[in-house]
Amino acid sequence: MEQVRISVRNLVEFVLRSGDIDNRRGRTAQKEAMQEGSRIHRKIQRRMGASYHAEVPLKLELELESYVLVIEGRADGILIEGEQVTVDEIKGIYQDVHSLTEAVPVHLAQAKCYGYMYGVQAGLTELTLRMTYCNLDTEEIRYFHEAYSLKELAAWFESLVESYRKWSDFQYRAKQKRQVSIQNLPFPFPYREGQKELVAGVYRTIRRGKILFIQAPTGTGKTISTVFPAVRGVGEGYGEKIFYLTAKTITRTVAWEAFELLRRKEYQGSVITITAKEKLCLCQEMECNPVSCPYAKGHYDRVNDAVFDLVNREKEISGECLMAQARAFRVCPFEMCLDTALWMDVIICDYNYVFDPNVYLKRFFAEGVKGDYIFLIDEAHNLVERGREMYSASLYKEAFLEIKKLVKEYSGSVARSLEKCNKLLLEMKRQCQGYQLLDTIGGLIFQLLNLAAAMDEFLQKNMEFPEKKKALEFYLELRHFLNMYERLDENYVIYTRHQEDGRFLLKLFCVNPAVNLQSCLNKGRSAVFFSATLLPIQYYKKLLSTREDNYAVYAQTVFSREQSLILVASDVSSKYTRRNQQEFQRIAAYIREVVWARKGNYMVFFPSYKMLEQVLEACMEQEEGIEFQVQRPGMREEEREEFLQAFSQEREGSFVGLCVMGGIFSEGIDLKGERLVGAVIVGTGIPQISEEREILKQFYEEREGNGFDYAFRYPGMNKVMQSAGRVIRTAADHGVILLLDERFLQQEYQRLFPREWDGFQVCRRETVRGLLRGFWDKS
């Protein structure tokens, strides 16, 4: 019979929750406690004697009318002393264990499940449940014991399962419809050249439970070429849920449209897009507590009804749909969104929800849990820097003094602990000239742990005080720092730095995020990384995964080389030593030549805002009918839309948008046809020199022997290729790409060129006009 599976933890937390959402409590650190829990579990388990059996797997199969409900989990410990059996449930918490007067009901419910399951398995008539609470900072332990007969546990367990029954019934019926709909699901388009092979490659990867990296140039149809085989893989039993992960809203929209295409072909899977909390919030301020938000009050009493109603009515759940349902049931739309995702077949979301240690979906990726998940990771080149950010952590010395001033009248112990940390940071500051690499910060960590424990107790007791929000933010940063310290290994560098604004920084810098990212990928079955700029592919394979058996493929584009003219200028450079008025005028002259060769819309990408302004000034000396529009730092959403809308306007002359490489207009925008006919790329895109870039360079020089490539050249070329990728978007497009830097002619850069740039031509200021006219005459 078909099986419906659920873990003990998910079962009790889902069925038995009640009450309010309340972000005012110190227990905001509960999420972090879940991450560190496994460490304290192992420590406690090792202290027990030979009669203590750790991590005991338990499973109960309940045969229902149409399917078997499988409830499974791991008991933290079973203590067998003669005929006396004790089932142990360990919880690592940041709360003072002596403030607990009884076991937390949902924790006890987990223990009762394990007690009943083990009791049935071992043929017991009675047993004892022990709740073991351990403070993660002090390692103090508090026990609670409860004795039960198996008869009592059986009655309680049957009631729990009955409460869940309508959900498992829904899950079974939805899966049956989905699987039947996939069996004859056709690819929604005629296959392009090479596309069938790409689809087959993705399918094989999923079937084998492997990881695939795809260099997928524009024109390969990469979204549908990954989505379709993933759906077919689910239909064949090679996965249960699809996570489509992106870095930007625009690519989430493209993914949504791909699944809509399949639904028009009778695909019966359900799809949800997880929208950012601030965009879903129905209140003016995101104060998630029952005093400030009517949707937070009693949320957990109503949310299950809201979710059940929604998943039975809708198969495609957007942000608008969630907000309407939240208003109708008076619940928080964001928390309801996360709960709804449990019952969806496809989840489209930001990278954070799988990889970020503070944001990841605990419902799917809790410690020790592995699912039959397929990860489709779009625009995967972004995940390198995002991964470094997620797993790095920073503290500023000045923040300790600021929080000390805020809390000293409320808590002397917290103020004293803050001062101890400040003194140690002050000593580091005195020893630091500019920036300094550190081997260890063990002494500071000890004081930070004491501070975290004191702050947790303080925040628990002081529900409201004027500066609570700022203190809470500091506390969460502190917890993140301590959690990242637990991950510290050879892939991290610790350094201190005097910031330009006068602050003193201590940072745990995750130089190589591969180990941490792989630990997340291990929670699923298979992963496909894809991007139009995943070159060199070995670089991304090393930084995004630790597995040695990963596949890689270069997808074939349907665009012909005749659609584009790739030019490399040999007499111009953006090197710092060459940045002078003469060079700016030469760049401006190249821009004018490109624009004069054919009336149309163009983009010019610069390495910095400063250089953009310098070249713009040179351009304006001989403007001659060219209209310029400039990207500004920190543009609001409506300003971005206005900037892009300008490319759709009718005008007599040519239009040039001046942008910054690596910025908001260099990737993720789709200006088809006459909306964009050329791009000029000024410079090789290498990141500005900084302490972190030097750390990266040194790190990879020692390990790979090519530190400059890893720290500067590869990230720079990615920005160049992303900017160039704005030009040819469809098979009908024609356009020009001009690379303005003589360094592009070096072998080190040319070996990074995508295949589509084979046949590029070298030009000089005096020859570029003829090459441009020759191309446009043939087009």
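In which strand is Glu55 found? I located Glu55 in strand 2, residues 52-63; helices (H or I, at least four residues) and strands (E, at least two) are DSSP runs numbered from the N terminus.

Entry on the source. I note that this is a predicted model, in which local features need pLDDT of at least 70, side-chain atom pairs count only at pLDDT 80 or more, and totals for chains, interfaces and linings use all residues. Residues are numbered from 1 along each chain as its sequence is written, and side-chain values use heavy atoms, with hydrogens and water left out.

Entry on the backbone. Most residues other than glycine have a negative phi, and most peptide bonds are trans. I found phi of Glu55 near 50 degrees, a positive value. Glu55 is partly exposed, at a relative accessible area of 30%; buried means under 20%, exposed over 50%, and partly exposed in between (1.4 Å probe, protein chains only). I then looked up Arg330, whose phi is also positive, about 55 degrees. Arg330 sits in the loop between helix 10 (319-329) and helix 11 (333-341). I noted a cis peptide bond between Leu535 and Pro536, with omega about -10 degrees.

Entry on the cores. A nonpolar core is a set of buried Ala, Val, Leu, Ile, Met, Phe, Trp, Tyr and Cys residues joined through side-chain atoms within 4.5 Å. I read 202 residues for the largest one, where Phe355, Ile377 and Phe529 have the most contacts. Helix 4 (residues 150-183) supplies the largest share of this core, 11 residues. Apart from this core lies another of 37 residues, among them Cys619 and Phe628.
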